[in-house]
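Please look over the sequence and the model below. The briefing that follows is grouped by topic.

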There are 2 protein chains.
Amino acid sequence: MSLLVVGSIALDSLETPFGKKEDVLGGSATYFSTTASFFGPVQLVAVIGEDFPESHLQFLRGRGIDLEGLTREAGRTFRWKGKYGWELNEAQTLDTQLNVFESFSPNLPAAYRETPYVFLGNIHPELQSRVLDQVKAPKLVAADTMNFWIQGSRPALLKTLQRVNLLFINDAEARQLSGEHNVVKAARAILAMGPSRVVIKRGEHGALLFDHDHIFACPAFPLSEVFDPTGAGDTFAGGFMGTLASSGGKVDQQVLRKAMVMGSVMASFTVEKFSLERLREVQRPEIHARFAEFKKLTHFDDLGPLGG
Amino acid sequence: MSLLVVGSIALDSLETPFGKKEDVLGGSATYFSTTASFFGPVQLVAVIGEDFPESHLQFLRGRGIDLEGLTREAGRTFRWKGKYGWELNEAQTLDTQLNVFESFSPNLPAAYRETPYVFLGNIHPELQSRVLDQVKAPKLVAADTMNFWIQGSRPALLKTLQRVNLLFINDAEARQLSGEHNVVKAARAILAMGPSRVVIKRGEHGALLFDHDHIFACPAFPLSEVFDPTGAGDTFAGGFMGTLASSGGKVDQQVLRKAMVMGSVMASFTVEKFSLERLREVQRPEIHARFAEFKKLTHFDDLGPLGG
């Protein structure tokens, strides 16, 4: 079934201990849609400026992503400049130029309004709500958010959350949103805000899926080389939602857990190279092989009898 | 099979956001031996002072722990005073009084020298080596260490590591010991120092087991209340080694992974209350039930076919 994503397309300038890149392809919707396109049809709603390279559009089209909802506006494309230290966990934002993204007002083509799976990327919560006003009867609405909206647009965010089935959020943001330091309490507080499921992302420590009855702990793949963590969270969401959307309409623990692992699998590829370089080259057999590696990484047997 | 532990017995004074306790039972060998005693026979080598309460000895004896190797010396028992902030991850040491522990020189009773499973708690690496001089043909030697020895007694530690089969170490110490920031690289560097297995403990993020061919990722149990993390690492080691020692002599991936999970299970109990309070009351059925909870927490199905 098809999957709709609304978010940013950006040209990123990145600095990591391993090198620098200027104006490379980035943005939440880019990472998400590229990843999700491995699993099924994706519809993209985003905005680019006059300077956005045609080659990037060709790449997205080549991945089979439906670009009817992508608009080109007068002006420059959204730009983000970030820097990572040796810890490679959190980016220090050096510069943000919203450009055409500043007046982004998502308008869904008619064909997108029937889409069953919706991912609201990290944009203003009022814009997220406006997207939901346009979709007819979504089967599952997932959203991402960030500290900027939690702090600056809390009432709008809380309104949006009441219309969201699943929230992706990192651990620091979960604490900020809930006011709870403990991650289990933070998750429960967020579940009381509307979403029936919350995924708490913990970077190199993996991710936790909470609903009212279950917790699932998914590790991150232990990598000896991490080059660029940019887009890891959006890639995780893309692998997760792509797996859900291609699971024949079922949304149960079994499918959700596979989706968690696939999110981790895809994120583990993204961080291996700069920008979307690794996602450009990875093939389905590699993806399936790494999923199987997660099985080996986490499997243990039942306790059975212990001697004394 | 029996399990030997050499380490500290202490009287701890703890301050957490939830309260204060003075002179409660603590020490690496105490947490380790109490935990391991749920699984089989334990032999304890440690030193206490004249002021060590008889009630604590009765408790250890009551757990079936062999105290032949425990000596009482003139002077006061080792005391540690620590404080935890809301993060509840790392203790700030407020005061350390080594007392009788300062001149601790482990001397193994004859009956202990044939013991197949040995755990060298966090003591001076030269003392750890001296213990190994006394054991005859151990099946598996595991050790713990800390930043203090990594920085201050590196040559002695490296010598000891060549005689150790399995090292327990936390992530910060693994980085310090190896000089590698990346946890996979750090583990590989440690494996090159002697141990054929290393367990990297990551507190609330669980633990990783590395050998030359495998990685196993074990989460921590997601707890909504953590009262006192003191002893969590030693409890983990006690559950781990207790499981190994009671597995009929087998030390393979299957057993090691169960041991990892049991380490996490036992540590999750310890942190629920102050000092050893929770370990004093927990019963085998609860332990088995929580092991089963870990299965539910981490289980996911094979990928199977995904639609498109």
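How many salt bridges are there between chain A and chain B? The count is 6, a salt bridge being a side-chain nitrogen of Lys or Arg within 4 Å of a carboxyl oxygen of Asp or Glu. This is a predicted model, in which local features need pLDDT of at least 70 and side-chain atom pairs count only at pLDDT 80 or more, while totals for chains, interfaces and linings use all residues. Residues are numbered from 1 along each chain as its sequence is written, chains are lettered from A and ligands numbered from 1 in the order in which they are written, and side-chain values use heavy atoms, with hydrogens and water left out.

**Interface between chain A and chain B**

- One of the salt bridges joins the side chains of A:Arg202 and B:Glu204, at 3.9 Å from N to O.
- Helices (H or I, at least four residues) and strands (E, at least two) are DSSP runs, numbered from the N terminus.
- About 4400 Å² is buried between chain A and chain B, 56% of it on carbon and sulfur atoms. Buried area is the accessible area (1.4 Å probe) that two parts lose on being put together, summed over both.

**Salt bridges within the chains**

- Over all chains, the whole structure holds 32 salt bridges.
- A:Glu272 and A:Arg290 pair through their side chains at 3.0 Å, N to O. A:Glu272 lies in the loop between helix 9 and helix 10 of chain A and A:Arg290 in helix 11 of chain A, so the pair ties together parts 18 residues apart in sequence.
- A:Glu272 is buried at 18% relative accessible area, and A:Arg290 is buried at 13%. Buried means under 20% relative accessible area, exposed over 50%, and partly exposed in between (1.4 Å probe, protein chains only).
- A:Lys273 and A:Glu281 form a salt bridge at 3.2 Å, N to O. A:Lys273 is partly exposed at 31%, as is A:Glu281 at 36%.
- A network of salt bridges links A:Glu272, A:Lys273, A:Arg278, A:Glu281, A:Glu286 and A:Arg290.
- In chain B, B:Lys201 forms a salt bridge with B:Asp144, with the closest N and O atoms 3.9 Å apart. This pair links strand 11 (residues 197–201) and strand 9 (residues 140–144) of chain B, the two residues being 57 apart. B:Lys201 and B:Asp144 are both buried.

**Helix 2 of chain A**

- A:His56, A:Leu57, A:Phe59 and A:Leu60 are buried in helix 2 (residues 54–62) of chain A. These residues lie on the same side of helix 2 because they cover an arc of only 155° around the axis, the arc being that of the directions from the helix axis to the C-beta atoms.
- Among the elements covering the buried residues of helix 2 are helix 1 (28–36), strand 4 (42–48) and helix 10 (277–281) of chain A.
- A:Gly64, with a positive phi near 80°, follows helix 2 of chain A.

Technical notes. Contact means heavy atoms within 4.5 Å.
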